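User: Hi! Could you walk me through this structure?

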Amino acid sequence: MRRDTTAYLWLGLGILVFAFPIYLTLIGSTHDASTIGRGDVPLLPGPLGAENYANAWNGTGGGRIQGSPAGLMLVNSALMALGIAAGKIAISLLSAFAVVFFRFPGRMIAFWLIFVTLMLPVEVRIIPTFQVMVDLSLTNSMAGLIVPLIASATATLLFRQFFLTIPREYVEAAKVDGAGPLRFFRDVVLPLSVTNIAALFVILFIYGWNQYLWPLLIINDRSLETIVVGLTKMIGTGDAQNEWNIIMATAVMAMLPPVAVVVLMQRWFIKGLTETEK
Amino acid sequence: MNRRIFGLATAGLATTNLATPALAQSTPVELQFWHGLPQPLGGLLEAIATRFNESQARYRIPASFRGSYPETMVAAIAGFRASTAPHIVQMFEVGTGTMMAAGRAVKPLHELLAETGVRIDFDDYLPAVKGYYSLADGRMMSMPFNASTAIMFYNKDAFRRAGLNPDQAPTTWAQLRQAATRLKAAGHEMPFTTAWPTWCQVEQVSAIHNMPLATLDNGFGGLGAELAINNPLLNRHLTTLVEMGREGTFRWGGRDGAGDALFANGSAAIIHASSGARARFVREVPGGVANIGAAMLPYYDDVAGAPLNSIIGGASFWALNRGPNATRSAEENRGIAEFFAFLAQPSVAAGWHTETGFLPVTKTAFEQVRASGFYTQNPGADTPIQQLLRGGGQTTGNTRGIRLGGFVEIRVIMQEEMERALQGGQTPQQALASAVTRGNVVLRNFERSNRA
Amino acid sequence: MSRAAPASFLFRGTALPWLLLLPQLVITGLFFFWPAGQAVWQSLLREDAFGLRSEFVGMENFADVLSDPTWLGAFGRTLVFSSAVAFLALTAALFLAVQADRNIRGSNAFKTLLIWPYAVAPAVAAVLWLFMFHPQIGIFGRMLNAAGIAWDYKLNGDQAMLLVIVASAWKQVSYNFIFFLAGLQSIPKAVLEAAAIDGASPRYRFWTIIFPLLSPTAFFLLVVNLVYAFFDTFGVIHSLTQGGPGKATETLIYRVYTDGVVNLNLGSSAAQSVILMILVVGLTVVQFRYVERRVHY
């Protein structure tokens, strides 16, 4: 009983540390800009919530001309995040399957070709990558937002870890039954992977949703702007006036979809990961 | 979704082919314009582009925000390397040296106007504005637009509470330090801070006292310039700031524009900041416009010849060629020139000035705003212009501006060294010496890669 | 395990596996190797920003970088920073996961509340931390100063480092928590009950049974956290300190970005990228070869 109390205590503290900034954002989105700018953020909601959210949603703020409407940016973010998640899962499943269940010439080469990229982020080679996008006429398009981010050593690694736990005897059994690799993939591997796919979907959806530097560089059409980029564009430096209340309202809207995905898919998600690590 | 993706991709291709004469007749020529102003300033700028689009049918300029100034600069350069440069890019004044050395990447403004026959009267521009963006012989290289300068803002309530006269700002550094000490004694936690530390405390201080920031007229005379900031004046000034920091009368507000927030929220009593911050201060400082004093930057009154004019900041618009092997059509150039001429109209310049706090870049616009009574309703709004004309309005080699390559990097170096001096990690003298050594490496690298 | 599997447990063929790998390899080739190759070529050149004049300089950019004391400083700092972030994020997550794994009332609500911040974009998270710890505007920054602690991360390098470490780790704890919790829940309860019946103390049970069983998770997370600390923290540092004060929070990736994207010193930036790629690829190989072999499966 006493141990439970300490557990409650620690978890409560953890929640305070991990959820307080988000609480502060919610509160900030219900006050006016100058209250926040003065550093006098109260700990209770203010009266301006509805107004701030309406302004953020419509792309209007305090009578001034604001950025893109949050509604449009949310759609763009959703398309980008879904595209990246679906694409990554598809190609990672296929390549992990090939690496784990096949013996073929060049297997290790393929393995390393994929995994050396595990830790090489786009920031390191942003200008050459931009050049490649131009050569392929992919700048300023939804495809350009999605395709380059689809290569994923991380997802492949995760599927590989999971596939390694599938008993090898299944393969032998499949061979005995005369099933080919593709049928094995469809009838055995894929059904077993459903929860892992769901889990990865959550991770990758959020990875896609939270992209910043890449969309900023290759998109200059406002109708394709994503919400994270749009949000940071509202946070000015120097001469600009920050409408912190609108920014906070937009931040809340930028957080809602990924948070919803995490919370709604939580059961599947944890179950999926449990299967992965067994 | 697919249709949307491919639709946009083909639309992108169509844009590149637009220059064909047949199409130009029926559809307006689209001219890409990238800028680096976040909201709400960016929106006001985009509204000006929209007004231009509505004023005629031949050209259409979709203005697009590309991130902060440095990000916009990088995006434009990456675009140029990829032959997809925008027609017009907004470049902050710090990037001027880099653009000037960019050779055939830019279409010099004087060439653009001569070829298209569009006329803009640059004699009407404030000398400090015009000088910053022109060659040594006076030919314009880029189109000045949002220009600002650094001035001093102070909180009148804080002055009153410390028993200082709220209608009399300190004019010299000795007076500023005295006032700050009084404020401190009266219990004020942050008597003085600064935004844009190198711009306000190094570049402006040098100009006002007619001291060189770099040799060869601050780089106007060529790529061989060397930093000259390790001098007695700046040593004295940095020592003043370090001492004030130790006494608690000066607080470092952070790099670049971060210090603005400290004045905006009422914590700082005095700030040196961009005149473009005015609109923000009026809106956010407790007590509003009645509580904000604006004055010229202080100077050391024992320095002979001081004070002279301050230098400008802000940004100008550059016409870019499409790529290393691609130029613009005559029609595109004409559109760019007409857009610039549209911006030069007194009504546009005056509107921008009164809405934002940036300078009215032309004398006519200044007169127009003055005649409207704006300055009597908004006392102090003309301080930046007065300050730019201080010392007779004729610039010297030290007050014309700064034209150093890699200056973005040099500013960061100076900020880093200032931070270490204010932390007590090194003496002001060491900070300046180290900034010169490191800055000169940048200058020599730039010179080497930009030799013709 | 896969290395040890007999051939009869695997499929044979050449065309099919390569075909399956094709989409991944094409995208990796186009968007990783092609640009990486360009970066290597660039590192041997000295160019102006616009790419109009270039000069082949051989290894000069590498020599410049490796003899630059500020780059070497960033190198050491990155090691300290990355280990601190990974350590903090992993231990905090493991600790919370152990607490949440207990069969206590409301544990699901606790889990949800702890998982939540995972969805926050790094760019947004950094702004939230700035908002809390700004010495004058931030609620905690003001509290610290009111309590007599001179809190000013804009001038105090150690405080700045502390802040970026904590903010970076914060972003990552939720992620680690999810994985650790999943790992914990996969441990058969019968094993733990048996140990408890044998009279093993909770601490002993944790270190001898639970921790070894978690090691595959921990290994995977270690890799992910190090990658995160090396590269993805860029947004956090950029929003909070911009590498300052002085160079107190400038890491290698921040340096690559500023030299390449802000200072437009493409040759030097490319040389630094190449050095980083070699380091990171080396690290990846070492981890797969040696560390993975030692952890329990």
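This is a predicted model: local features need pLDDT of at least 70, side-chain atom pairs count only at pLDDT 80 or more; totals for chains, interfaces and linings use all residues.

User: What pLDDT does chain B average?

Analyst: Residues are numbered from 1 along each chain as written, with chains lettered from A and ligands numbered from 1 in the order written. The pLDDT is the predictor's confidence in each residue, from 0 to 100. In chain B, 93% of the residues score at least 70, and the average is 88.

User: Where in chain B is the pLDDT below 50?

Analyst: One stretch has 23 contacts in the model beyond near neighbours in sequence (contact: C-beta atoms, placed from the backbone, within 7 Å). The pLDDT is below 50 there, over residues 1-24.

User: What percentage of chain B counts as buried?

Analyst: A residue is buried if 20 or more other C-beta atoms, placed from the backbone, lie within 10 Å of its own, exposed if 12 or fewer, and partly exposed in between. Of the 452 residues of chain B, the buried share is 59%.

User: Which helix of chain A gives the most to the side touching chain C?

Analyst: Between these chains, 77 residues of chain A contact 86 of chain C. Helices (H or I, at least four residues) and strands (E, at least two) are DSSP runs, numbered from the N terminus. With 13 residues, the top contributor on chain A is helix H1 (residues 2-28).

User: Which residue is the bridge partner of A:Arg103 in E1(C)?

Analyst: Strands pair if DSSP finds at least two bridges between them. Strand E3 (residues 102-103) of chain A pairs with strand E1 (residues 11-12) of chain C in the parallel sense, over 2 bridges. In E1(C), the partner of A:Arg103 is C:Arg12.

How values were computed:
Two residues are in contact if their C-beta atoms, placed from the backbone, lie within 7 Å.
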